[in-house]
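Please have a look at the fold before reading on.

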Amino acid sequence: LGHDWKAGTVTKAPTCKDKGEISFECSRCSDTRTEELPTISHELTTVTKDATCTVDGSVVTTCKYCDYKEECV
């Protein structure tokens, strides 16, 4: 009959730096197989600091997963 693979379960979530993994189990014999998930884009967060009459403002964008940082003053 061949394998009847159940829906996959993510066993390692991918990030912008590392590939992930998804595992599948056969509903007939419980064999498993694993596939690689590709890396994803940066997950960016932007924080805006408004300028005042004495301090310059800035916009800082950082990634949740890596050291990526972009700052505009």
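Predicted model: local features only at pLDDT ≥ 70, side-chain atom pairs only at ≥ 80, totals over all residues.

Strand β2 covers residues 20–25. One of its faces is covered and carries G20, I22 and F24, while E21, S23 and E25 sit on the uncovered face.

## Partners of β2

On one side we can look at strand β1, residues 9–12, which pairs with β2 in the antiparallel sense over 3 bridges. Here T9 stands opposite S23 of β2.

Strand β3, residues 32–37, also runs antiparallel to β2, and this pairing has 6 bridges. Within this pair, E21 faces E36 in β3. The two strands make a hairpin with 6 residues between them, and S30 in that turn has a positive phi of about 70 degrees.

## The cysteines

How many disulfides does a search of the whole structure find? The search returns 0. A disulfide is a covalent bond between the sulfur atoms of two cysteines, and the cut-off used for the sulfur pair is within 2.5 Å.

Take C26: the closest cysteine sulfur belongs to C29 and lies 3.8 Å away, which is too far for a bond. C26 is also buried, at 1% relative accessibility.

C63 is likewise in no disulfide, with the sulfur of C16 as its nearest cysteine sulfur at 3.6 Å. The relative accessible area of C63 is 7%, so C63 counts as buried.

Note on methods
Residues numbered from 1 in each chain as written. Heavy atoms only, no water. Buried < 20%, exposed > 50% of the residue type's maximum accessible area, 1.4 Å probe, protein only. Helix = DSSP H or I, 4+ residues; strand = E, 2+ residues; numbered from the N terminus. Pairing = 2+ DSSP bridges.
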